[in-house]
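The stops below are given in the order in which to select them.

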Amino acid sequence: MRAKNLLISLGVLTAVGLWINWDIVETSARDSIASAAGKAAVANLSGVVAGNNTRGLAAAELITLPVEVDEVSHGIFRASGVSNTFVIVTSAGNVVFDTGLIIQASEQIRKLKDAVGDNEPAKIILSHSHADHVGGTRLWSQGATQLIAHKAFEEEQRYLTELNPYLHRRNRTLFPWIPENPSTLPGLNFRGLTPDVRVDNNAPYRFTLGERRFEVHGMPGAEGADNVVLWLPDEKVLLAGDFFGPQFPQFPNIFTMRGEKTRKPIEYIDSINRLLKMDIQTLLPSHLEPVRGAALIRDGMLRIRDAVQFVHDQTVAGMNAGQSLDALMTDINLPEHLLLSQSHGKVSWAVKSIWEYYATWFHFDRTSELYATPQSAVLDDLAGVIDIEAALALIQRKLDSADPEQALLLLELLEGANPLQQLLGLRLQALEQLKARAAITGNDYERYWLESELEKYGTFYENQSEHPHVD
Ligand SMILES: [Zn+2]
């Protein structure tokens, strides 16, 4: 199975728009609704996976796999799934870390309770507000559980909920198998959580339960501003949430294609520096498998930190030297000793993200950037004055010399022109070239985007062959 980098995207898939009074809804009723929704999702996605005819399948596969519980460290139990849910057992009550995707949560809870006993947890810690980490929170708690999250948790939860239709539409372009509309069943509402303890970035929240010591550290800049990790100082175990992304090590997602808020590079580096002060021997991420070995974990963290610092510093130096953003996106590449997988975060997109984090959207380049009239407004006029045959030949030459980026720029200028059929054919060629290149550089989101574009223009192409446009 391919690396499940898309998992993080599930973080925003299923916020709901319906608010009800949760005090009057029984946990068991919510559990039944969530459980039924989970079974329906498994049934639907089994067909999708068996058909194997769509992109972004890894998360779909993970939804269909049976949930399994294993003891990943002494007294720490993990329920597998799209996202892991952990239970840390103590003699004075249990601590839950992350509560999974709502459609898998009731199954995870049932199997974890089989392993550790049917007690209401003393505390639930949420690594961040993404949907695949908070889904089962209300199913675990009957009201006595203390909820611990970052002090920015509620604000992140607010904007993800408020912008859910926009985020859902974007996610669906990348992952076409997800439902067309966000669920509005009241039992599936997992938003609107209010933490009892809000963790600051400056000071960890420490507590002792039974024989175990716990430290919850605010670690912003990773999957948003509201990340926390759980450190068990005696066992030297770190429950990392999504701090490192779904694989370890990899270049982090400083930019998200689905369009979340900007992530702050310097905060991320600062967070890793604080993690480096811990002697982490076991890393338990909230996706996929544990990582073990202090040296391996330390080397990976150093490489991630130095890679982000390198990209940041090169971008800043280029800005100060008056170089254009386009040139920096091409020129900034990781040196040999900092090479990392870019399947999740892509360096050139990080360059653009860091640039716009500091300088926002006016690149101080084209005057037209300042005005609302888009390039597309003049394309019909342009089509009337160009030699279309010469333009088509020029694009074909760009494609023949394997320059799909220039071919695409020319095609985007010719959108108002006829014959449409040839233009669509050239665009499909350009997209195929870009997709072949993305397969080599290995960024999953780039591939998903290009596949969605190929699907869209492929359909136009077929419709055009059936009904050729005549001017
Ligand atoms: Zn996640």
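In which loop does Pro-249 lie? Select Pro-249: it lies in the loop between strand 11 and helix 8. The bond to look at there is the peptide joining Phe-248 and Pro-249, which is cis, with omega at about -10 degrees.

Before going further, colour by pLDDT, since this is a predicted model. The mean pLDDT of the protein is 88, and 90% of its residues reach 70 or more. Residues 1–24 have pLDDT below 50; this stretch still has 98 contacts in the model beyond near neighbours in sequence.

Next, select strand 11. Of its 5 residues, 5 are buried, so the strand is largely enclosed by the rest of the structure. In a regular strand, side chains alternate between the two faces of the sheet. Here Val-237, Leu-239 and Gly-241 are on one side, Leu-238 and Ala-240 on the other, and both faces are covered.

- Strand 10 (residues 228–232) pairs with strand 11 in the antiparallel sense over 3 bridges. Leu-230 has Leu-239 as its bridge partner. The two strands form a hairpin with 4 residues between them, and Lys-236 in the turn has a positive phi of about 55 degrees.
- Strand 12 (residues 282–285) pairs with strand 11 in the parallel sense over 4 bridges. Val-237 has Thr-282 as its bridge partner.

Now show helix 8 as well: strand 11, helix 8 and strand 12 make a right-handed β-α-β unit.

Asp-132 in helix 4 (residues 131–134) and Asp-242 in the loop between strand 11 and helix 8 are 110 residues apart, a pair that links distant parts of the chain. Are Asp-132 and Asp-242 buried or exposed? Both are buried.

Select Leu-288, in the loop between strand 12 and strand 13 (291–292). Its phi is positive, about 65 degrees, although Leu-288 is not a glycine. Leu-288 counts as partly exposed because its relative accessibility is 23%.

Then select Thr-360, in the loop between helix 11 (347–359) and helix 12 (379–385). Phi of Thr-360 is also positive, near 55 degrees, and the residue is partly exposed at a relative accessible area of 45%.

Conventions:
Residues numbered from 1 in each chain as written. Predicted model: local features only at pLDDT ≥ 70, side-chain atom pairs only at ≥ 80, totals over all residues. Heavy atoms only, no water. Buried < 20%, exposed > 50% of the residue type's maximum accessible area, 1.4 Å probe, protein only. pLDDT = per-residue confidence, 0-100. Contact = heavy atoms within 4.5 Å. Pairing = 2+ DSSP bridges. Right-handed = clockwise from strand over helix to strand, strands pointing away.
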